[in-house]
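Subject: Structure handover

Hello,

Here is the structure I said I would pass on. My notes on it come after the model.

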Amino acid sequence: MATNPAVKTTTKPLSKLKEEICDIGRRIYNKGFAAGNDGNISFRLGPNEVLCTPTMVSKGFMKPSDLCIVDMEGNQLAGERKRSSEILLHLTIMKERSDVNSVVHCHPPHATAFAVAREPIPQCVLPEVEVFLGDIPITKYETPGGQKFADTVKPYVKTANVLILANHGTVSFGETVEKAYWWTEILDAYCRILMLSRDLGRVTYLTKQETKELLDLKQKWGYSDPRLDKGMENCDICANDVFRSSWGNAGVNRKAFDAPPPMGADPQHAAAAHAAAPAAVAPPAIDYDVLVKAVTEQVCRELGIGAA
Ligand SMILES: [Zn+2]
């Protein structure tokens with residue numbers, strides 16, 4: 001088969017890579033991101049060889065000898081156990097991104113809750129999320145396992161390093177196994193914080209200037225972001241979700257979180273905390289001057305005297 005000459009192969013010994021995968025498997029399991037035998041991890045060994053986790057094994061208790069090797073079409077080349085049934089998802093990402101050597105797929109509960117609610121992830125809330133993750137898409141739902149399911153990531157794979165799979169879970173990818181996993185951990189922590197702050201009654205968005213500083217930092221550190229691309233200069237960086245055009249097709253729409261307040265028009269807008277919808281019901285604001293006046297008038301009427 002044709003191989004991609006741009007793919008960089010690793011110099012690490014196979015035994016070390018197997019240990020790294022088992023270690024990340026333990027972390028995924030211990031975080032509660034993979035119940036039962038959920039989740040799968042892969043690492044590209046060369047142009048046509050990929051190390052991957054087996055099916056029907058808990059990711060928290062894998063031994064290096066449990067791991068399998070497949071080719072870029074998913075045919076098993078080595079390993080006593082059967083390769084993961086979701087390997088086509090991993091291989092599709094690797095074929096689209098020659099810089100990606102590792103893929104991590106699991107079902108972290110908070111991010112998966114957004115996948116089930118089909119709620120887009122609000123931006124411009126936490127600095128680290130802006131720098132490391134950026135905008136996070138939700139893919140179209142498809143029955144897991146086949147190539148049709150794997151193809152659902154194609155529209156997004158070049159513009160993000162972590163994706164939410166509708167009614168399923170997450171997939172993240174990077175140069176190393178640990179980096180590929182990081183994006184999932186950061187995303188799930190973020191989704192949890194969003195849910196907790198919404199329960200407290202409000203989500204405060206960063207200002208335009210604060211967000212711009214983060215995007216500048218991101219550029220300085222060598223991370224790309226579609227919001228920095230040409231043509232996006234005049235866009236509202238928080239409200240103009242770059243994946244918005246895909247929402248209709250994936251059944252995604254805003255319900256739990258309001259859109260961030262528009263940026264630019266009103267310099268005061270950023271100071272205003274943004275009320276979360278619709279679960280938290282804030283008490284109506286009381287105008288004490290009006291209240292005192294009404295009570296005074298009522299008392300005066302009862303006493304038969306004119307109010308001042
Ligand atoms: Zn899965």
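Overall

Please keep in mind that this is a predicted model. The chain is built from 9 helices and 10 strands. It has 308 residues, and 46% of them are buried. Taking contacts between residues at least 6 apart in sequence, 65% join residues at least 24 apart.

Zinc site

Which residues hold the zinc ion? His-105, His-107 and His-168 coordinate the zinc ion, each through NE2, at 2.1 to 2.2 Å. Along the chain these donors follow the spacing H-x1-H-x60-H.

Ala-113 is partly exposed, as its relative accessible area is 29%.

Nonpolar cores

The largest nonpolar core has 25 residues. Those touching the most other members are Phe-114, Ile-121, Leu-133, Ile-136, Ile-164, Leu-187 and Leu-194. Four elements each supply at least two residues of this core: α3 (109–117), β7, α6 (177–200) and α8 (247–250). The largest share comes from α6, with 5 residues.

What does Phe-114 contact, leaving aside its neighbours within four places in sequence? The list is Glu-119, Pro-120, Ile-121, Pro-122, Ile-138, Ile-164, Cys-191, Leu-194, Met-195 and Phe-257. Two residues on that list, Ile-164 and Leu-194, are also named above among the core residues that touch the most other members.

Another core, of 24 residues, lies apart from the largest one. Its members include Val-50, Phe-149, Ala-150 and Ala-160.

Aromatic rings

The count of aromatic pairs comes to 6. One of them is Tyr-29 with Phe-61: the ring centres are 5.3 Å apart and the planes stand at 70°, so the pair is edge-to-face. This pair also links distant parts of the chain, with Tyr-29 in helix α1 (residues 14–30) and Phe-61 in the loop between β2 (49–52) and β3 (68–70), 32 residues apart. Tyr-29 is partly exposed at a relative accessible area of 33%, whereas Phe-61 is exposed at 57%.

Trp-182 and Trp-183 form an edge-to-face pair as well, because their planes are at 70°, with the ring centres 6.4 Å apart. Trp-182 is partly exposed, with a relative accessible area of 37%, while Trp-183 counts as buried at 5% relative accessibility. Ring pairs join Phe-132, Trp-182 and Trp-183 into a cluster.

Phe-257, already mentioned as a contact of Phe-114, has the charged end of Arg-198 over its ring, 6.0 Å from the ring centre.

Single residues

Ser-197 is in helix α6. A polar atom of the Ser-197 side chain lies 3.2 Å from the backbone oxygen of Leu-194. Leaving aside neighbours within four places in sequence, Ser-197 is in contact with Arg-202 and Val-203.

Where are the two residues below placed, and are they buried or exposed? Met-56 has a positive phi, near 60°, and is not a glycine. Met-56 is placed in the loop between β2 and β3 and is exposed, with a relative accessible area of 64%. Cys-124, also other than glycine, has a positive phi near 65°. Cys-124 lies in the loop between α3 and α4 (127–132) and counts as buried, at 0% relative accessibility.

Regards

Conventions. Residues numbered from 1 in each chain as written. Predicted model: local features only at pLDDT ≥ 70, side-chain atom pairs only at ≥ 80, totals over all residues. Heavy atoms only, no water. Donors = N, O, S within 2.8 Å, 3.2 Å for Na, K, Ca; no water. Phe/Tyr/Trp six-rings, centres within 6.5 Å; stacked < 30°, edge-to-face > 60°. Buried < 20%, exposed > 50% of the residue type's maximum accessible area, 1.4 Å probe, protein only. Lys NZ or Arg CZ within 6 Å of the ring centre and 35° of its normal. Core = buried A, V, L, I, M, F, W, Y, C linked by side-chain atoms within 4.5 Å. Contact = heavy atoms within 4.5 Å. Polar contact = N/O pair within 3.5 Å; in protein donor to acceptor, adjacent residues only side chain to side chain.
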